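Me: I have a model open and want to go through some of its contacts. Can you take my questions one by one?

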Amino acid sequence: MVLKVTVNGWRAARTLWLLLLVSLSVCISVCRATSSREEDSAMENIVTEKKAEESHRQDSADLLIFIMLLTLTILTIWLFKHRRFRFLHETGLAMIYGLIVGVILRYGIHVPRDISNVTMSCHVNASPATLLVNVSGKFYEYTLKGEISANEVNDVQDNEMLRKVTFDPEVFFNILLPPIIFHAGYSLKRRHFFRNMGSILAYAFLGTVISCFIIGLLMYGCVMLMKQMGQLGGDFFFTDCLFFGAIVSATDPVTVLAIFNELQVDVDLYALLFGESVLNDAVAVVLSSSIVAYQPQGDNSHTFEVMAMLKSFGIFLGVFSGSFALGVATGVVTALISFFTKLRDFQLLETALFFLMSWSTFLLAEACGFTGVVAVLFCGITQAHYTFNNLSPESQDRTKQLFELLNFLAENFIFSYMGLTLFTFQNHVFNPMFIIGAFIAVFLGRAANIYPLSFLLNLGRRNKIRSNFQHMMMFAGLRGAMTFALSIRDTATYARQMMFSTTLLVVFFTVWICGGGTTQMLSCQRIRVGVDSDQDNSMSIAEGSERRSTKQESAWLFRIWYNFDHNYLKPILTHSGPPLTATLPPCCGPLARFLTSPQAYENECQLKDDDSDLILTDGDINLTYGDITVSTDASGAHTSSGPAFAGAATSDDLDRELAYGDHELVMRGTRLVLPMDDSEPPFPDPRHELN
């Protein structure tokens with residue numbers, strides 16, 4: 001019995017030891033597995049950190065490439081200006097440097113293949129934007145970067161390097177375009193712009209629409225011919241042709257305008273070209289978005305339907321007017337903030353607020369479904385007209401220089417990037433027939449814009465748009481940053497890829513050939529340089545009267561607006577102009593005193609209005625300032641009256657004053673400044689005192 005108990009106890013102990021050994025081995029295995037997983041996780045973290053560091057270095061090197069491009073462009077520009085070399089503008093130079101770097105990146109640099117890359121096949125109906133992959137129980141998220149051909153599977157690293165120097169198209173719209181467009185509105189010479197406003201609006205609105213449809217129809221015929229010949233590799237509809245016509249109708253004669261400014265070409269020709277390019281960029285953006293919004297009912301979305309066309313036209317009007325109102329409203333809000341606060345005492349804060357409000361206009365318009373280009377353009381014009389007068393002298397200089405610098409850098413960056421993308425973009429589609437058809441269509445579309453409209457405009461203009469001016473405007477229809485930005489924004493389809501590739505070639509040709517031949521074209525057309533119509537030293541009084549009649553014919557559409565703006569809006573929104581106590585009826589005295597700033601009373605003896613030459617030279621406009629009233633009738637006769645006005649100025653005296661410079665009429669201690677063109681030559685006796 002004792003022996004039996006001993007044996008059973010030994011067996012129980014052995015079983016217990018076995019259980020302990022098994023448990024210990026299991027614990028050791030678990031610990032080893034955990035340790036192995038921790039080691040794998042640590043190694044994976046180290047690899048991830050190394051890849052992140054390498055990516056950071058690669059991104060820094062990519063940005064350094066563009067910085068070096070801009071630096072090299074600036075140094076070469078200085079050399080060209082020093083040598084007075086005008087055959088190649090800075091934008092064309094930036095494109096050449098971009099082309100060189102693009103060739104080096106495409107064919108001169110090879111990145112070794114990463115052995116960790118894995119190629120797998122799966123069957124799905126569409127390409128998902130985000131892909132979740134289960135790797136050993138862990139889920140990893142991958143994003144779609146784009147399609148590559150079968151023969152490029154082994155060159156993924158090279159494609160990745162080229163893709164890194166290809167920016168997101170939204171970078172152009174949200175970062176690079178706003179300072180360019182804002183600077184165009186902020187630096188606009190309003191005097192010459194509004195003097196030719198009717199012609200500029202005709203070229204910008206009617207001309208752009210005509211050019212769009214002419215190019216679209218011609219390109220549709222070209223596409224049909226390509227389809228018959230079997231040279232079309234994908235779908236290409238009439239709406240695509242119209243979209244192409246809209247984006248290549250956006251002109252950007254920055255090269256020509258720079259040469260015009262340097263050579264001092266006729267200001268009316270400069271104003272027509274500059275005004276058209278500023279506004280037609282905005283029109284082209286809204287027109288292209290309206291074409292994209294064209295959506296007939298039914299399965300076939302590319303058939304013609306009247307209601308769909310009317311809807312697109314309504315979208316065009318709504319988007320343009322809404323963007324215009326938003327831009328003006330932002331400018332007015334900024335003017336009111338600067339008017340009712342003491343920000344001018346803190347110049348840094350003042351400049352920062354001005355910059356942020358101006359830039360946010362673009363983003364606000366895009367977020368609201370409008371067009372940021374139109375909004376920021378008219379915001380710039382409004383800021384220059386109102387807010388600029390409220391800024392301190394330091395902030396005025398800062399804002400001018402800031403946006404001029406941003407415009408220069410952004411524009412040259414875009415043109416450098418154009419040259420780069422000719423070789424780094426992965427999905428180019430070059431079709432010789434489409435390219436030739438595009439060049440012919442762009443030429444005919446520009447001709448259909450300039451010549452018929454110039455003929456119709458000359459029927460109502462006293463100062464005719466001469467034939468040599470028309471030829472120069474035809475020649476100066478360069479394509480640039482806006483055309484490129486619109487074409488690169490969507491390259492998902494075969495048609496858009498072909499349009500983008502062709503657009504690049506059109507921009508290259510117009511910038512290099514047309515921009516480089518500007519000086520020769522001016523000489524060929526015998527357009528005078530070194531003198532402009534408003535600032536000719538040999539201008540006689542008769543010529544001054546003729547110039548004034550030209551102002552009258554162009555400004556009559558705006559005489560009511562300018563009279564209202566000068567007497568009411570500027571006193572409310574700025575510290576310049578006459579006090580509201582002098583312009584509002586006596587019954588509004590308390591309101592006028594509340595809205596009139598102390599600076600307006602301090603400046604009561606001096607009228608500063610950049611646009612007063614447009615006001616004073618039109619019919620039936622009275623400017624009451626202090627105790628002096630200056631009136632002008634449609635015939636050009638001027639009268640002045642006051643409680644103690646002892647003398648009368650002859651019509652010739654006032655004609656001389658209106659024809660030359662920023663001269664002053666001193667009347668009983670009240671100084672009336674008539675600002676004309678800033679650089680006009682002084683008259684031998686600029687100051688007439690009437691006693």
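Predicted model: local features only at pLDDT ≥ 70, side-chain atom pairs only at ≥ 80, totals over all residues.

Me: How many salt bridges does a search of the whole structure find?
Reply: Four. A salt bridge here is a side-chain nitrogen of Lys or Arg within 4 Å of a carboxyl oxygen of Asp or Glu.

Me: Which residue does glutamate 53 pair with?
Reply: Arginine 57, with the closest N and O atoms 2.9 Å apart. Helices are DSSP runs of H or I with at least four residues, numbered from the N terminus.

Me: Is arginine 57 buried or exposed?
Reply: Arginine 57 counts as exposed because its relative accessibility is 55%, while glutamate 53 is partly exposed at 43%. The classes are buried under 20% relative accessible area, exposed over 50% and partly exposed in between (1.4 Å probe, protein chains only).

Me: What about glutamate 276, what does its side chain meet?
Reply: Arginine 446, in a salt bridge of 2.7 Å, N to O. Glutamate 276 is in helix H9 (residues 267–292) and arginine 446 in helix H14 (residues 432–458), so the pair ties together parts 170 residues apart in sequence. Both glutamate 276 and arginine 446 are buried.

Me: And which partner has glutamate 366?
Reply: Arginine 489, at 3.8 Å, N to O, again a salt bridge. Glutamate 366 belongs to helix H11 (residues 347–367) and arginine 489 to the loop between helix H16 (481–488) and helix H17 (494–516), so this pair ties together parts 123 residues apart in sequence. Glutamate 366, at 25% relative accessibility, is partly exposed, and so is arginine 489, at 34%.

Me: Changing topic. At what angle do the axes of H4 and H16 cross?
Reply: At roughly 160 degrees, and the axes come within 10 Å; H4 covers residues 169–186. Axes are lines fitted to C-alpha atoms, for helices over the stretch in contact, with angles from 0 to 180 degrees between N-to-C directions. H4 is therefore roughly antiparallel to H16, a label given to angles over 145 degrees.

Me: Which residues meet there?
Reply: On the H4 side, they include Phe172, Phe173 and Leu177; on the H16 side, Met482, Phe484 and Leu486 are among them. Contact means heavy atoms within 4.5 Å.

Me: Where is aspartate 252?
Reply: In the loop between helix H7 (238–247) and helix H8 (254–263). Aspartate 252 is buried, with a relative accessible area of 13%.

Me: What does its side chain reach?
Reply: The side chain of aspartate 252 reaches the backbone nitrogen of alanine 481 at 3.2 Å. Not counting residues up to four places away in sequence, aspartate 252 also touches others, including Glu411, Phe415 and Arg479.

Me: Last one, glutamine 497. Buried or exposed?
Reply: Glutamine 497, in helix H17, counts as buried because its relative accessibility is 14%. A polar atom of its side chain lies 3.2 Å from the backbone oxygen of threonine 491.

Technical notes:
Residues numbered from 1 in each chain as written. Heavy atoms only, no water. Helix = DSSP H or I, 4+ residues; strand = E, 2+ residues; numbered from the N terminus. Polar contact = N/O pair within 3.5 Å; in protein donor to acceptor, adjacent residues only side chain to side chain. Parallel < 35°, antiparallel > 145°, perpendicular 65-115°, else oblique.
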